[in-house]
Amino acid sequence: MLDTKKSVVAATENKNINNINLNTLFNFTKSLDSDVEKFLVIRAFYQLNYFDLEPNDREVLEELLKPIGGTK
């Protein structure tokens, strides 16, 4: 029973850490001047954290990574 509680706490802490990182990412990209720099930072974050992100967070980042004209 104690192990189950510890794993639930660990999973909750991991989720909170991911949310903080995503918010920090957006705040950091606001300080960048170039759209290219913003794109590269977001892409690197997305690639490094792909498996740790929630599905809705992945979708938000994927939208940001789409080309301006859309894909054909």
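**Exercise 1. How many aromatic pairs does a search of the whole structure find, and how are the rings of Y46 and Y50 arranged?**

*Solution.* Start with the rule: rings of Phe, Tyr and Trp (its six-membered ring) pair if their centres lie within 6.5 Å, and planes under 30 degrees apart count as stacked, over 60 as edge-to-face and the rest as tilted. The search of the whole structure finds two such pairs. For Y46 and Y50, the ring centres are 5.5 Å apart and the planes stand at 80°, so this pair is edge-to-face. Y50 also pairs with F51, again edge-to-face, at 5.1 Å centre to centre and 90° between the planes. Put together, Y46, Y50 and F51 make one aromatic cluster.

A word on the source: this is a predicted model, in which local features need pLDDT of at least 70 and side-chain atom pairs count only at pLDDT 80 or more, while totals for chains, interfaces and linings use all residues. Residues are numbered from 1 along each chain as its sequence is written, and side-chain values use heavy atoms, with hydrogens and water left out.

**Exercise 2. Which residues of helix 2 are buried, and where do they lie around the helix axis?**

*Solution.* Helices are DSSP runs (H or I, at least four residues), numbered from the N terminus. Helix 2 covers 35-49. Its buried residues are I42, F45, Y46 and N49. Seen down the axis, they fall within an arc of 100° (taken from the directions from the axis to the C-beta atoms), so they line one face of helix 2. On the other side, V36, Q47 and L48 are exposed. A handy reminder: an α-helix has 3.6 residues a turn, so residues three or four places apart point the same way.

**Exercise 3. Which residues make up the largest nonpolar core, and which helix gives the largest share?**

*Solution.* A nonpolar core is a set of buried Ala, Val, Leu, Ile, Met, Phe, Trp, Tyr and Cys residues joined through side-chain atoms within 4.5 Å. The largest one has eight residues: L22, L25, I42, F45, Y46, L53, L61 and L65. Helix 1, helix 2 and helix 3 each give two or more of them. Helix 2 gives the largest share, three residues.

Technical notes:
Buried means under 20% relative accessible area, exposed over 50%, partly exposed in between (1.4 Å probe, protein chains only).
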